[in-house]
Amino acid sequence: MRCNKMGIIFKSAYKINVPITRSLSKLALKSSPVSGVDYCANIVRQHDYENYLATLLITKAIRTPALVVRAFNVEIARIQDQTTDSQTAAFRLQFWQDTLAAIFKKDHDFREIPANPVAQELYKVCHCYNLPRRQLERLITARSSITKTKYFRTLEDVETYAENTVSSVYYLLLSVAGVANVHADHAASHLGKAQGIANILRSIHVANYHKVVFLPMDILMKNKISQEDVLRGTDNEHMRNVIFEVASRANNHLQKARSITVPKITKQIFLPAVSIDTYLTKLQKNNFNVFDKSLQKGNPMLPFSLYYKRLLNVY
């Protein structure tokens with residue numbers, strides 16, 4: 001395990017063997033950080049279930065720090081769903097900016113970290129695995145930007161957002177695993193874009209609830225679809241053409257990511273590709289009717305699909 005001098009005291013806390021068939025809430029550890037690790041695992045399970053399942057299949061040496069990274073991402077991502085007020089969202093995001101500043105302060109002190117389980121566990125992971133600060137900050141700045149603009153002009157803007165909010169998570173997980181490989185980074189970039197674009201499609205019903213439209217404006221205009229059409233859930237040929245173009249871009253990134261030769265352990269980190277592929281395939285079978293309620297249902301076969309891919313060591 002890679003640990004710098006500051007992180008040695010936390011080393012034992014991240015040698016946790018999490019059984020795949022058992023909830024992390026059942027963990028019983030003697031060290032003090034247990035409740036924080038447990039909290040991180042539970043919020044990922046509750047708010048990012050598919051990635052939670054994929055993370056449980058990662059080798060035990062990096063499973064727990066990976067859950068902490070994903071918990072941090074969940075906390076950032078939830079802000080835009082918890083409030084429609086941009087100022088309130090800005091205050092909450094600023095809390096995490098200040099937390100990162102405390103974590104990476106030159107004369108850092110654990111006592112200066114807020115009494116927040118995710119913040120405190122993130123501190124330990126950052127100093128044990130030397131996580132790059134810029135990737136953590138990108139998660140915050142990208143969310144801050146979208147809470148202000150609330151739309152994307154082009155599909156390229158969606159890709160940039162996906163790179164900052166999803167690919168950055170993969171870069172952090174690669175750092176946790178000690179993978180410094182240009183091909184792995186390239187694959188992570190494409191996979192993050194595929195997942196980010198797919199997330200835009202999957203969250204349309206949630207976005208409609210908040211009266212925002214995240215489908216790229218240029219593609220909507222090209223197909224003569226208005227924001228009101230999206231908010232009303234209009235299903236017609238023009239709308240399906242919009243979804244087809246967006247979904248095709250996601251699939252292109254997914255196939256590109258899969259075509260790149262990457263180190264063995266990286267394939268475990270990229271297991272969420274399975275759920276992306278499953279969704280895009282189901283969307284195609286529904287003739288790109290993104291409003292079909294069957295697309296909002298969970299996939300009971302996903303745990304088995306993930307486990308099978310893990311056994312084959314492919315994604």
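Okay, let's start with a cysteine: Cys40 is buried, at a relative accessible area of 1%. When I say buried I mean under 20% relative accessible area, with exposed being over 50% and partly exposed in between, using a 1.4 Å probe and protein chains only. Cys126 falls in the buried class too, at 3% relative accessibility. And how many disulfides are there? The count comes to zero, where a disulfide is a pair of cysteine sulfur atoms within 2.5 Å.

Before I go on, some housekeeping. This is a predicted model, so local features need pLDDT of at least 70 and side-chain atom pairs count only at pLDDT 80 or more, while totals for chains, interfaces and linings use all residues. Residues are numbered from 1 along each chain as its sequence is written, and side-chain values use heavy atoms, with hydrogens and water left out.

So, confidence. The chain has a mean pLDDT of 89, and 89% of its residues get to 70 or more; pLDDT is the predictor's confidence in each residue, from 0 to 100. Where does pLDDT stay under 50? One such stretch is residues 4-13, and for those the model has 15 contacts beyond four places in sequence. Another is residues 15-34, also below 50, with 30 contacts in the model beyond near neighbours in sequence. A contact here means heavy atoms within 4.5 Å.

Now the overall picture. You're looking at 15 helices and zero strands. Those are DSSP runs numbered from the N terminus, H or I of at least four residues for helices and E of at least two for strands. The chain has 315 residues, and 52% of them count as buried. If you take the contacts between residues at least 6 apart in sequence, 71% of them join residues at least 24 apart.

Let's go to helix H1, residues 34-47, and pick out Ala41. Ala41 is buried, with 1% relative accessibility. From Ala41 to Leu56 you go 15 residues in sequence, and in space the C-alpha to C-alpha distance is 9.7 Å.

Next, some backbone angles. As background, most residues other than glycine have a negative phi. Asn130 isn't a glycine, yet its phi is positive, about 50°. Where does Asn130 sit? You'll find Asn130 in the loop between helix H5 (117-129) and helix H6 (133-149), and Asn130 is partly exposed, at a relative accessible area of 46%. Then there's Lys150, another non-glycine with a positive phi, this one about 65°. Lys150 is in the loop that runs between H6 and helix H7 (155-176), and with 34% relative accessibility Lys150 counts as partly exposed.

On to the inside. How many cavities of 30 Å³ or more turn up in the whole structure? The search finds one. Grid points are joined across faces, edges and corners, and the volume is the space filled by probe spheres set on the points. The largest cavity holds about 40 Å³ of space. Its lining includes Ile200, Ser203, Phe214 and Val230. Which helix gives the most to that lining? Helix H9 (residues 204-209) does, with three residues. By type, the lining has eight nonpolar residues, two polar and no charged.

Last stop, the later part of the chain. Ile260 is in the loop between helix H12 (237-259) and H13, and Ile260 is buried at 12% relative accessibility. What does Ile260 touch, leaving aside residues up to four places away? His183, His186, Ala187, His190 and Tyr315. Ile260 and Ala184 are 76 residues apart in sequence, but C-alpha to C-alpha they're 7.9 Å apart.

Lys264 is in helix H13 (residues 264-269), and Lys264 is exposed, with a relative accessible area of 62%. Its C-alpha is 7.5 Å from that of Asn313, 49 residues away along the chain.

And finally Asn289, in the loop between helix H14 (273-285) and helix H15 (302-312). Asn289 is buried, at 12% relative accessibility, and beyond four places in sequence Asn289 touches Asp235, Arg240, Leu283 and Leu295.

Notes:
1 Å grid on protein atoms, 1.4 Å probe; cavity = no way out; pocket = protein on both sides within 12 Å on 5 of 7 lines; lining within 4 Å. Nonpolar A, V, L, I, M, F, W, Y, C, P; charged D, E, K, R; others polar.
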